[in-house]
Amino acid sequence: MKPALLVLAVALVALSVAEAHHAYGDFLDKTQSITGTIQTIEFASPHTTLTVALKDGTVYKAVWNAVRQLEVQGVERTALKVGDSVLITGHPHKDASMHEFAKLREVGRTADGWTWRSVDG
C-alpha cells in the first residue's frame, strides 16, 4: 500500500471512530434536568454512566465525563452510590423515547447538596 493511501485510510478510520464516540449531534442544544434515584453507576472508559429511575418509573441513562476527568475535578468513585437521589442537568437526546442525557452540566446529590458542575461550560 502506498504511504499516502495508508495515511488517508488511518485518518478516515480515526475520524469515524471519533464521530461514533462523540455523536453529540443526536442531543438537543438546550439543557434539561431530571431528578431520580441512581440504579447503577459505572466508572468506566470512555465515560462514566449513571442509570437513574424517576418517580414515574422511567429510567434514564446519563453519560458523564471520563473517569480521569472526574478524578482531576475531585470526584471520587465513592461520591455517589446506588440509591442516592440525584438531580442531573444535561443535554437530552433529540428522540425523547431514548431516555438519555449527555454532555452533563451538573450532577447533584439531593440529600446533602453535594454537587459537581462542568468546568467546560
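Start by selecting Asn65, which sits in the loop between S3 and H2 (helices, H or I with at least four residues, and strands, E with at least two, are DSSP runs numbered from the N terminus). This is a predicted model, where local features need pLDDT of at least 70, side-chain atom pairs count only at pLDDT 80 or more, and totals for chains, interfaces and linings use all residues. Residues are numbered from 1 along each chain as its sequence is written, and side-chain values use heavy atoms, with hydrogens and water left out.

Is Asn65 buried or exposed? Asn65 counts as buried, at 18% relative accessibility (buried is under 20% relative accessible area, exposed over 50%, partly exposed in between, with a 1.4 Å probe and protein chains only). Leaving out residues up to four places away in sequence, Asn65 touches His47, Thr48, Leu70, Gln73 and Trp116; contact means heavy atoms within 4.5 Å.

Now click on Trp116. Beyond four places in sequence, its contacts include Trp64, Asn65, Leu70 and Leu104. Trp116 is also among the residues with the most contacts inside the largest nonpolar core, which has 20 residues. Such a core is a set of buried Ala, Val, Leu, Ile, Met, Phe, Trp, Tyr and Cys residues joined through side-chain atoms within 4.5 Å. Strand S5 (100–109) is one of the elements giving two or more residues to this core, and the largest share, three residues, comes from S5.

Last stop: Arg109, also in strand S5. Arg109 is buried, with a relative accessible area of 15%.
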